[in-house]
Amino acid sequence: MPDYQRYETKNLECWKWAEELRRSHRSHIFEAQANGELLIHGMCYFHGVLNGMGDYAVTEYTPYFRALMSDTKEAIKTHEVAEARGYGADICSSMRCHLGAMFMGFGLVNKEGVRVKPDFVFQGLPCTTLAKTSQIYADYWNIPYFTMDIPFQDTQASLDYLVAELQEAIEWMEKTTGREFDDERLIHGARNEWLGLSLFAQILEQCRAVPATLDARHLFALQVPLVLIRQQDEVIRFYETLLDETKERVRQGISARGYETARFIHGGFPPMFYMGILRYPSQFGGVYVGGDLIHIYASWKTLDMKNHDWEAAPATPEEAGHTLRTREDALRMLADL
């Protein structure tokens, strides 16, 4: 092997905190309803809006997805069961895994045998397969279903459209649950969404340093609390701590893997069935410094669309010109985000 420059490596001090947040979330799924909280099904967007309904947990389809990806035989069984029900290879493989787990009866059962049934489905529409899977779940459990159409244009008309959808979603959730919506909780949760996504963007920007102090294997794991529970204050404190630690690692020249000869961007869905494949380039100094499904859970400000030049969005909603006093203010901020 050529004598490349070697860099110091070091474990992340806040890694255990991230693991604790993930474990706490999965336990909460099976405890929420017993505590009078809502259990909401879906890969949810707009956690700030859901926060207006009070404390809640999100089922994220089956919480055993990552475990299934580590057990090929069991993962194949879920696919076979889904395909036997008519959901074939034209459906995303991850969704077939979730559907199979549901049909097999273990999707939302914990190790103690506690089975939960979500109160309703709330699903953003980043792809048609995800939205359709949500509808199948709602039909299977016979529970209410609401989907959010996400515009793929950044215009005033699309912002107005999204705000109107969010207003409709609030009215629907109140009618569906019989609970009163709390605008103060909306504003607090929405602000945390902004803070979390901006903090993660700032963390990703640190990966521009040489050597890269974090790589995709770190980042896929570190983004999980942001995806699932970014309305929570503790999650914001975690990302503030992670940003401080990442900056210090950059200052000290701490490397993700020890040496670096090339940089990659990972495209598409992470290879959950074999995350170890991401280790292969590191043998030769190749480092994944990000990817579309990493950078999508961060907020960015476009500087030059032609040259694809962008930077982390302003750190707070106020810095971006948002005043958060009313429901309309919070919904417009979320639509902008």
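## Close-up views of the predicted model

**View 1. The side chains of R257 and D215 meet in a salt bridge, at 2.7 Å from N to O.** In these legends, a salt bridge is a side-chain nitrogen of Lys or Arg within 4 Å of a carboxyl oxygen of Asp or Glu. This pair links distant parts of the chain, 42 residues apart: R257 sits in the loop between helix 11 and strand 5 (262–266), while D215 sits in the loop between helix 8 and helix 9 (216–222). Helices (H or I, at least four residues) and strands (E, at least two) are DSSP runs, numbered from the N terminus. D215 is buried, with a relative accessible area of 4%, whereas R257 is partly exposed at 28%. Here buried stands for under 20% relative accessible area, exposed for over 50%, and partly exposed for what lies in between, with a 1.4 Å probe and protein chains only.

A quick word on what you are looking at: residues are numbered from 1 along each chain as its sequence is written, and side-chain values use heavy atoms, with hydrogens and water left out. The model is predicted, so to speak of local features we need pLDDT of at least 70, and side-chain atom pairs count only at pLDDT 80 or more, while totals for chains, interfaces and linings use all residues.

**View 2. R191 and E318 form a salt bridge, with their closest N and O atoms 3.2 Å apart.** R191 belongs to helix 8 (residues 183–205) and E318 to the loop between strand 8 (309–312) and helix 13 (327–336), so this pair ties together parts that are 127 residues apart in sequence. Both ends are partly exposed: the relative accessible area is 30% for R191 and 40% for E318. By the same rule, the count of salt bridges comes to twelve. Side chains of opposite charge can pair when their charged atoms come close.

**View 3. D160, E328 and R332 are linked in a network of salt bridges.** E328 is partly exposed at 32% relative accessible area, and R332 is partly exposed at 30%.

**View 4. H322 makes a side-chain polar contact with D336, at 2.7 Å.** A polar contact is a pair of N or O atoms within 3.5 Å; within protein, one must be able to donate a hydrogen and the other to accept it, and residues adjacent in sequence count only if both atoms are side-chain atoms. H322 lies in the loop between strand 8 and helix 13 and counts as buried at 15% relative accessibility. Not counting residues up to four places away in sequence, H322 touches W194, P317, R332, M333 and D336, where contact means heavy atoms within 4.5 Å.

**View 5. E245, in helix 11 (residues 233–252), is buried yet has no salt bridge.** The nearest side chain of opposite charge, R249, is 4.8 Å away; for charge, Lys and Arg count as positive and Asp and Glu as negative, with His and the chain ends not counted. Look instead to E13: its backbone nitrogen lies 2.5 Å from a polar atom of the E245 side chain. Leaving aside neighbours within four places in sequence, E245 is in contact with N11, L12, E13 and C14.

**View 6. Four strands make an open sheet in the order 2-1-3-4, with parallel pairing.** Strand 2 (56–58) and strand 4 (145–149) stand at the edges with a single partner strand each, so one side of each is left without a neighbour in the sheet. From one strand to the next, the twist averages 25°. Two strands pair if DSSP finds at least two bridges between them.

**View 7. Both faces of strand 1 are covered, with L38 and I40 buried on one side and L39 and H41 buried on the other.** Three bridges join strand 1 to strand 2, running parallel, and Y56 in strand 2 is the bridge partner of L38. Two bridges join strand 1 (residues 38–41) to strand 3 (residues 120–125), also a parallel pair, and H41 stands opposite V121 in strand 3.

**View 8. Helix 1 (residues 15–29) lies across strand 1 and strand 2, at about 105° to strand 2.** Helix 7 (residues 156–177) packs on the sheet too, touching strand 1, strand 3 and strand 4, and its direction makes about 170° with that of strand 4. Axes are lines fitted to C-alpha atoms, for helices over the stretch in contact, and angles run from 0 to 180 degrees between N-to-C directions.
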